[in-house]
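Please look through the structure shown here, and then read the notes that follow, which begin with the surroundings of the ligand and go on to the chain as a whole.

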Amino acid sequence: MVRLIALIISIALQVIAAIIALSFVKMTKYRLSWILLSFSFLFMAIRKIIQLWELLRGTPSFTWQMIDEWMGVFISFMIIVGVILIREIFYSLKRAETDRLKTERRVLNAIINTEENEKKRFAKELHDGLGPLLSTVKMSLSALNGKITDPAGIDILQNTNHVVNEAINTIKEISNNLSPHVLTNFGLSSAINAFTSKVNKTRALEIDFKSNMEGVRLDNDKEVVIYRAVCELINNSLIHSGASRVEIELNKHDKFITLQFSDNGRGFDTSILGTEDCKGMGLSNIDTRVKSIDGVFFIESSKGKGTNALIKIIV
Ligand SMILES: Nc1ncnc2c1ncn2[C@@H]1O[C@H](COP(=O)(O)OP(=O)(O)O)[C@@H](O)[C@H]1O
Ligand SMILES: [Mg+2]
């Protein structure tokens, strides 16, 4: 009696499992794996029905027992093939995900490159277009020197000279910020060095920069991404942290490059990043840009404990 109940329950359960698996067949566009698994459950149920039939008859028949055993073998075979095919589905999903990430990175890279090229073009236009015009104005003003004797005129001339000099310097500055010529000509280490020296001169912050990469050149996009990241991190320390000291280390290892950054400022709660409370884009831009060159960016900070950041890229 107990066996009879067990058989009836397992028949019911296997029929339910077969129906559920059959409903997946449609959803997965008739994938063979689901068809095989559905049939396996169906055959399991049939097997149990045979066993039930045998039990009710009371006298076991050799033929039916043989059919039952061979159905067991057949079911196992179908399950193995079905499971292998399901494994293939997971592999292809994983491949699709990797392809999607690769495409995403390529698109990001293209956007960043276009942006950098535009900046370069703009910097060149400013430097080569407006620069010479202002230099000509400066030369014309020098030609006036000595020709104006009226003290008010001399005053105006001196003032104009001063303004033109300011304009020439500002253009150089803007053009250099848009596309740092030290980065293009001498590489990452020199460009960071030049930038940190400039900040050190203002005495707003003391930056200690160390690197084992003097004279080492990387792909242009990698240099640009790391350089922009360093500028943003320093900028954040200047604006938000109240720090007195920043330490930066740029090192080349066997297969990768690391940039370590730390300030001794007030720190912040990093859980705000990426939420509504954080309006700024600086850190998320670093993250996006670093990802576009297959790198990783970590930032670690807590109130009162300063801020540390790490960028790691493969070369
Ligand atoms: N070095 C730092 N020290 C203290 N707070 C920081 C530091 N860097 C970032 N933050 C905090 O994280 C926020 C987000 O920074 P960021 O994404 O660069 O945007 P933004 O600088 O435009 O505000 C900042 O508004 C600031 O509150
Ligand atoms: Mg910022």
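By class, the shell around ligand 1 holds 10 polar, 4 nonpolar and 2 charged residues, where Ala, Val, Leu, Ile, Met, Phe, Trp, Tyr, Cys and Pro count as nonpolar, Asp, Glu, Lys and Arg as charged, and the others, Gly among them, as polar. This is a predicted model, in which local features need pLDDT of at least 70 and side-chain atom pairs count only at pLDDT 80 or more, while totals for chains, interfaces and linings use all residues. Residues are numbered from 1 along each chain as its sequence is written, and chains are lettered from A and ligands numbered from 1 in the order in which they are written.

**Around the ligand**

- Ligand 1 is surrounded by 16 residues (a residue is near a molecule if its C-beta atom, placed from the backbone, lies within 6 Å of it), and the closest are Asn236, Ser241, Gly280, Gly282 and Leu283.
- Helix H7 (220-241) and helix H8 (282-292) each give at least two residues to this shell, and the largest share, 4 residues, comes from H7.

**Secondary structure**

- The chain has 8 helices and 5 strands, which are DSSP runs numbered from the N terminus (helices are H or I with at least four residues, strands E with at least two).
- Along the sequence they follow the pattern α-α-α-α-α-α-β-α-β-β-α-β-β.

**Overall dimensions**

- The C-alpha trace of the chain spans about 135 × 45 × 40 Å along its principal axes.
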